[in-house]
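Subject: Structure handover

Hi,

Here is the structure I promised to pass on. Have a look at it first, and then read my notes below.

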Amino acid sequence: MSVYRAANVRLNEAVRPELADVCLPGPDETILGEYARMRPQLEAFHAFDKAHIVMLAEEGLLPREDAAAMLRVLRTLEGQSGGAIAARAATAENMHSGEALLTHALGGEIAGKMHLGRSSGDLLTVSFRYTLREKLLRIAAQLNALRQVVNDLAAQHVNTVMPGSTHLQHAQPDTFGHYLLAWASAFDRDAERLRQYFVRLNLSPAGAAILNGSEFALNRERVGELLGFDGLALNTRDAVWGRDVEIEAHTLTMLLASNFNRLAEDLMLWSSPEFGLVECADGFCGTSSIMPQKKNPNALECLKGMVATCTGHLVSTVMVHKNPSTVPVFEWVRSMSDAWRGYDEMASALPLMTAVLKTLIVRDERMRERAGAFWATATDLAAAIVRHADIPWRAAHQITGITVRLAIDAGLSPGQINTALVDQAARTHFGRDIGLPPAVLASAMDPTASVARHKLPGGPAPERVSEALLMHAAALAEDERWLAVTLGHQQQARAMLEQGIDALLAPSLASSSASISR
């Protein structure tokens with residue numbers, strides 16, 4: 001039993017390697033500092049400043065020597081201790097921190113030229129999309145890792161029979177593998193939604209300014225290309241003031257959190273002594289400071305809380321944008337950071353869910369024993385009666401219900417009923433025996449045989465689960481290929497931006513070398 005501790009703070013050493021990528025807050029890290037909160041947005045501003053300067057010079061809207069001077073300063077800042085982002089944060093100028101630094105280094109005559117054709121509007125919208133897409137791609141990778149663990153665990157339990165329930169009552173026998181593939185299906189949809197959203201998110205608002213774009217001949221496509229966008233958010237008003245893209249960001253995390261919330265709810269319930277179907281590894285549990293016997297599944301409780309956080313972010317963002325379309329400016333700035341914070345929290349939750357499943361203790365024998373203990377095969381008995389006696393389903397349903405009631409009154413378990421009891425129920429219902437053979441009755445009441453009989457596409461029969469595993473594996477492989485290509489494109493865009501800077505700096509560097517040699 002693990003010692004008393006708060007959930008998510010200190011983990012059992014045996015489980016810690018599974019959580020190498022999980023950001024678990026320590027006692028002094030529960031509130032992000034201002035610098036940490038701003039950092040992702042400042043990175044976006046820095047990239048946008050560089051791309052905009054390169055474009056202005058290439059289009060002849062900015063003297064190349066001025067562009068080179070500004071880019072040289074930005075490059076110098078990147079090489080300093082703390083990098084350009086720390087220097088930007090120190091200015092307290094946020095989106096205009098680049099211009100503030102350049103003004104300090106070069107004076108307003110040169111630095112004042114960099115903002116040509118831009119506005120705070122496209123600075124903010126570029127930073128939102130640029131920052132969020134990096135976070136989205138991170139959780140896409142983490143979701144893929146979770147999907148792989150779910151698929152692997154399902155493959156191990158194709159034949160692990162367990163009770164299936166509805167209304168929290170035993171319903172029909174299932175397998176743990178089939179159960180897990182229900183979540184594989186949900187997580188596949190989550191991954192599909194992330195990919196679809198990325199298409200809408202990864203469009204560049206650069207050059208849209210605040211409403212109408214600019215009268216200067218900016219090359220919007222070039223800036224978007226240098227920043228790794230796949231196209232333009234075309235309408236200049238919509239690019240800055242459209243808010244459905246921001247709201248949609250929260251719907252993705254809310255739906256994802258809702259899915260693993262339900263999974264966590266099940267696992268938490270099943271880990272209680274009354275069920276005893278699964279057990280979380282010690283490292284994801286805590287005990288009580290007064291009751292030493294307790295093993296509380298703290299990690300699952302933390303995961304369950306994510307849906308409330310994500311729903312709160314969604315509702316607050318919708319409320320910010322219920323005003324006239326160009327009114328909420330500073331409220332909007334605040335709601336943008338809610339999206340980043342929500343995605344950061346998701347980036348901690350997904351590895352935690354993955355690690356919980358990877359180390360989950362599955363009580364196979366307990367599952368099998370409970371699968372047939374509470375009349376979960378009654379539907380199979382009714383089906384057997386239909387086939388043998390050639391009577392309507394509703395009549396077979398009634399005979400089975402009477403059989404169950406008679407057995408419970410007599411203190412018989414599902415495995416103890418016989419054909420005489422079924423005939424008694426049949427006589428009660430319509431006055432005659434049906435003569436169900438003992439072998440047919442025994443097969444109908446067998447949970448393992450029940451599972452094997454459910455062979456419809458998507459059902460729990462082992463061959464169907466095996467087929468489904470192949471489909472889920474193929475979907476995961478396709479998503480992993482997409483992610484690799486997308487990350488490669490982002491890397492190429494970053495390299496292209498630096499190459500564009502190199503091209504502008506090269507002539508000035510050559511001139512400087514010639515001057516030194518003379």
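Arg370 and Glu369 come together through their side chains in a salt bridge, at 3.9 Å from N to O. By salt bridge I mean a side-chain nitrogen of Lys or Arg within 4 Å of a carboxyl oxygen of Asp or Glu. Glu369 is partly exposed, at a relative accessible area of 41%. For these labels, buried is under 20% relative accessible area, exposed is over 50%, and partly exposed is in between (1.4 Å probe, protein chains only).

Before the rest, a word on what you are looking at. This is a predicted model, where local features need pLDDT of at least 70 and side-chain atom pairs count only at pLDDT 80 or more, while totals for chains, interfaces and linings use all residues. Residues are numbered from 1 along each chain as its sequence is written, and side-chain values use heavy atoms, with hydrogens and water left out.

Now the overall picture. The protein has 20 helices and four strands; these are DSSP runs numbered from the N terminus, helices being H or I with at least four residues and strands E with at least two. It has 518 residues, and 49% of them count as buried. Taking contacts with a separation of 6 or more, 76% are between residues 24 or more positions apart, where contact means heavy atoms within 4.5 Å.

Back to the charged pairs: the salt bridge count comes to 30. Arg147 and Asp188 form one of them, at 2.9 Å from N to O. That pair links distant parts of the chain, since Arg147 is in helix α6 and Asp188 in helix α7 (residues 176–201), 41 residues apart. Arg147 counts as buried at 2% relative accessibility, and Asp188 is buried too, at 16%.

Glu279 and Arg363 make another salt bridge, with their closest N and O atoms 2.2 Å apart. Glu279 sits in strand β3 (residues 278–279) and Arg363 in the loop between β4 (361–362) and α14 (364–371), so this pair ties together parts 84 residues apart in sequence. Glu279 is partly exposed at 23%, and Arg363 is partly exposed at 36%.

Arg129 itself lies in helix α6 (residues 120–156). Beyond neighbours within four places in sequence, its contacts include Phe229, Ala233 and Val245.

Leu71, in helix α2 (residues 64–79), is buried at 1% relative accessibility. Leaving aside neighbours within four places in sequence, Leu71 touches residues including Lys50, Ile53 and Leu504.

His167 has a positive phi of about 55° without being a glycine, and at 75% relative accessibility it counts as exposed. Leu168 is in the loop between β1 and β2 as well; its phi is near 65°, again positive in a residue other than glycine, and Leu168 is exposed at 58%.

Cheers
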